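The sequence and the structure come next.

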Amino acid sequence: MQRFAFLVWPILSGILAAIALLIYLPDMFAPQANTLQVNQADDSQSSRQGPFSYADAVEHAAPSVVNIYTRTALPNNNKALYNDPDIQQHYDKNQNKERTQSSLGSGVILSPEGYIATNNHVISGADSIVVALKDGREATASVIGSDPDTDLAVLKINLPDLPGITISSSANLRVGDVTLAIGNPFGVGQTVTMGIISATGRNQLGLNTYEDFIQTDAAINPGNSGGALINAAGHLIGINTAIFSRSGGSQGIGFAIPSNQAKQVMQDLIEHGRVIRGWVGVEAQEITAELAESFGLKDTKGLIIAGVFRDGPAHKGGLLPGDILLEINGKKIINSYNSMYSVARMLPETSLPLKVWRNGKVLELMITVAERPIKGVSNQNNTPDDAPENSPNGSEN
């Protein structure tokens, strides 16, 4: 036994060290396991975010939202028949009178001066327009201007102490933001519905020429057109315009014109009586994979110039039918709609650099933007060279 006595103290020291480690550092001997790292929400705060009522927002905005009633005289198709003396004796003379058609919609008071925003389709062709305020007052409205390309119109009434709405920029809207729609659905009177922003920048819906819609699931029904889409603070963020529906009623997909776009159109209509838009004078269509291959292009990001308007900006700048437009103002082409919209937002006399593909080479051209001609106004210079009568997926810029 004495031969192993020298081992007692080392063994005892080891046992004491192991006991100390187990007591003070137990994790060293714990079995290794996979762990899931999660970001835990602070339920004490998140569960209480958001107001319990939007009454303050509605109280702020509702007085600025009006009901619009229009009347349109319709000619009697049987007028010549009723003028026949032999026929008149057999029918009530009142049947010979012109018929009237009534419709309703909504609008938003923009300023104390009495300017009201609404949809063009609400007042188009109307012989008389009556505006009813939330406080019970009524007034006959006159049309200051309309813009069918965005489906917007401006009315004017003469009443004192009008409550102009507060407008918020639509540039920073986010999907999920709370929205409230105020209008006069089905003529039942002013109504408020709530939802969220479902999407932004909706276009190519075939509703207007220039589309940049806010999509919301706040209930929008017939009669809401021209009414206000507001945020949780009661500020205007859009003009309610259209719904997607198979039944005629709300199905949770409504569209509103963003406040920034509406504001610019309203200012142009009030100041100039028309909307001033940029125009380069081309007809273009998007490139298919087959066309891209035939032109030797690597992708379909571009527009083929189907026609150039004689003596228009593009014609004067050297653009030719058959050119492939690759870039506008230093930005690559995404699609025909975005290109048309970007040009339309430019002021006349703006210099616009273009990059085109012609005969296997990239060329840089510079053109001067002109004002877009008003539809329906004939101009001998507005004749496209080599432009097809119908261009599928095409657009006019």
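## Loop residues with positive phi

Phe186 sits in the loop that runs between strand S8 (178-183) and S9. The model is a predicted one. The phi angle of Phe186 is near 55°, which is a positive value in a residue other than glycine. Is Phe186 buried or exposed? Phe186 has a relative accessible area of 54% and is exposed, because the class begins over 50%.

Asp311 belongs to the loop between strand S16 (303-309) and helix H9 (313-317). Asp311 also has a positive phi and is not glycine; its value is near 65°. The relative accessibility of Asp311 is 40%, so Asp311 counts as partly exposed.

## Two buried loop residues

Asn231 is placed in the loop between strand S11 (228-230) and strand S12 (236-243). Its relative accessible area is 16%; Asn231 is therefore buried, as the limit for that class is under 20%. Which residues does Asn231 touch, not counting those up to four places away in sequence? They are Ala57, Ser168, Val178, Leu180 and Ile237. The C-alpha atoms of Asn231 and Ile196 are separated by 9.2 Å, while the two residues are 35 residues apart along the chain.

Ala218 lies in the loop between S10 and S11. With 1% relative accessibility, Ala218 counts as buried. Leaving aside neighbours within four places in sequence, the contacts of Ala218 are Thr179, Ala181, Thr193, Met194 and Gly195. For Ala181, which is 37 residues from Ala218 along the chain, the C-alpha separation is 6.3 Å.

## The largest pocket

The largest pocket holds about 510 Å³ of space. It is lined by 24 residues, and those closest to its centre are Asn260, Gln261, Gln264, Tyr341 and Arg345. Two or more lining residues come from each of strand S9 (191-202), strand S10 (213-216), helix H7 (259-272) and helix H10 (336-344).

Which element gives the most to this lining? H7 does, with 5 residues. By class, the lining of the largest pocket has 13 nonpolar, 7 polar and 4 charged residues.

## The second largest pocket

About 370 Å³ of space lies in the second largest pocket. Its lining has 15 residues, and Lys331, Asn338, Ser339, Ser342 and Arg345 lie nearest the centre.

Strand S18 (331-332) and H10 each give at least two residues to the lining of the second largest pocket. H10 supplies the largest share, 5 residues. The lining of the second largest pocket divides into 6 nonpolar, 4 polar and 5 charged residues.

## Helix H10

H10 gives two or more residues to the lining of the largest pocket and 5 residues to that of the second largest pocket. H10 is mostly covered, with 7 of its 9 residues buried. The buried residues of H10 are Ser336, Tyr337, Ser339, Met340, Tyr341, Val343 and Ala344.

An α-helix has 3.6 residues a turn, so residues three or four places apart point the same way.

## Strand pairing around S19

Strand S17 (residues 324-328) pairs with strand S19 (residues 351-358) in the antiparallel sense, over 4 bridges. S19 also pairs in the antiparallel sense with strand S20 (residues 361-368), over 8 bridges.

Trp357 of S19 stands opposite Ile324. In S20, the bridge partner of Trp357 is Val362. The hairpin of S19 and S20 has 2 residues between the strands, and Asn359 takes a positive phi near 55° there.

## Overall make-up

How many helices and strands does the protein have? Its secondary structure comes to 10 helices and 23 strands. The protein has 397 residues, and 39% of them are buried.

Of the contacts between residues at least 6 apart in sequence, 65% join residues at least 24 apart. The protein exposes about 22,900 Å², and carbon and sulfur atoms supply 52% of that area.

Technical notes: Residues numbered from 1 in each chain as written. Predicted model: local features only at pLDDT ≥ 70, side-chain atom pairs only at ≥ 80, totals over all residues. Heavy atoms only, no water. 1 Å grid on protein atoms, 1.4 Å probe; cavity = no way out; pocket = protein on both sides within 12 Å on 5 of 7 lines; lining within 4 Å. Points joined across faces, edges and corners; volume = space filled by probe spheres on them. Nonpolar A, V, L, I, M, F, W, Y, C, P; charged D, E, K, R; others polar. Buried < 20%, exposed > 50% of the residue type's maximum accessible area, 1.4 Å probe, protein only. Contact = heavy atoms within 4.5 Å. Areas by Shrake-Rupley, 256 points an atom, 1.4 Å probe, with all protein chains shown as cover. Pairing = 2+ DSSP bridges.
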